[in-house]
Amino acid sequence: MQAAAEGGAVEREGARLLDGAALSQAIRERLAPRVEAFIAAAGRPPALGLLLAGNDPGSEIYVRNKIRQSEALGIATDLRRLPATAPFREALDIVEEFNAADAVDGILVQSPLPAGMGADAEARVFDAISPAKDVDGFSPVSAGRLVQHRAGLVPCTPAGVMALLDHAAVDIAGRRAVVIGRSDIVGKPLALLLLHRHATVTVCHSRTVDLPQVAAAADILVAAIGRPAFVTRDFVKPGATVIDVGINALTDRGEVVAIFGPGSKKLAAFERRGRVLSGDVHPDAAAVAGAITPVPGGVGPLTIAQLLSNTVRAAEDRRREDQ
Ligand code: NAD
């Protein structure tokens, strides 16, 4: 209901709104009988091991939500915490313990790891996660399987975007898709998923020349940049489906007014809370788009739903392999 409170939905009138919160609920409802069947067959719940190192406030919120939603579905969780000063070896030890634990099906290492663990800490920790338990899909084995279009665990946010497109019956095969952002967790894997579904995919980034023009050729336009309201109506082909992955916290009143306008619900929400969320897509894009995701309430809820889905799938697959 945060979306309605912040006016995400209201301020994207014009385009059809792709409701990620409702789809996330439907995905969780579909997972519930699979969790029950797993518990009946295995004599234990599917389980997720989480590592939270340091005290990044955003990470605290993400991890709390992941645990709350896992447990609501009957997935057991095992949260390990490390202080920001912990040596990298301790993070690796926890991952190795989770790898070896028969009753742990999925492993999630919350990003970012503390800077003191070293610049390559995340890559090294993802290298260490057993591919069978890699529910975030960030390990090189998972990434390689995705490139080759082989079965494997797919990163949650891109999988959530595909679920949303399918649920909205958006045509993908033969269509032009433009993904702005080339990160390993969103842009690149999403480009591959769209490619595997026969879209003609262009990946854009900070060095792309004539970005608005390139974007305006897209039937499906995805913004995964991390810059509030960067994608304005000039980027959007009339009738295009626009997926806004960005989650940006605005704490400056002037910025809220500039993006959402002086009479907006977002500004009213900002006056109450001192903070609102903006996507990477400007609200004026909704006047041109055919369909668009709100922020919050679009891609965000689907990311956690896909994490739950990957965890249940990892549990089922591991049990099948054992038999
Ligand atoms: P990132 O910082 O790793 O990558 C950002 C990408 O944007 C880079 O590839 C960069 O080349 C591109 N970029 C930056 N400036 C640009 C510019 N001026 N023009 C064109 N491209 C530009 O970010 P990320 O982890 O991929 O996340 C992107 C956004 O998505 C962030 O707002 C993040 O909070 C959000 N996110 C949301 C979810 C979710 O569940 N909805 C999950 C992950 C990330």
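**Entry 1: aromatic pairs.** I looked up the aromatic pairs in this predicted model, and the count came to 2. I then examined the rings of F126 and F138: their centres are 5.2 Å apart and their planes meet at 65°, so I recorded the pair as edge-to-face, planes over 60 degrees apart being the criterion. I next asked where F126 and F138 lie. F126 belongs to helix α5 (residues 121-128), while F138 sits in the loop between α5 and α6 (140-147), so the pair ties together parts that are 12 residues apart in sequence.

**Entry 2: helix α3.** I listed the buried residues of α3 as S59, V63, K66, I67, Q69, S70 and L73. I then looked up what covers these buried residues, and found that the cover includes helices α2 (20-42) and α12 (299-322) as well as strands β2 (47-53), β3 (76-82) and β4 (106-109). After α3 comes G74, and I noted that its phi is positive, near 95°.

**Entry 3: domains.** I consulted the domain assignment of the chain, which gives domain 1 (42-132) and domain 2 (156-301). I recorded 29 Å between the C-alpha centres of domain 1 and domain 2.

Terms used
Residues are numbered from 1 along each chain as its sequence is written. This is a predicted model: local features need pLDDT of at least 70, side-chain atom pairs count only at pLDDT 80 or more; totals for chains, interfaces and linings use all residues. Side-chain values use heavy atoms; hydrogens and water are left out. Domain bounds come from an automatic or database domain assignment. Buried means under 20% relative accessible area, exposed over 50%, partly exposed in between (1.4 Å probe, protein chains only). Helices (H or I, at least four residues) and strands (E, at least two) are DSSP runs, numbered from the N terminus. Contact means heavy atoms within 4.5 Å. Rings of Phe, Tyr and Trp (its six-membered ring) pair if their centres lie within 6.5 Å; planes under 30 degrees apart count as stacked, over 60 as edge-to-face and the rest as tilted.
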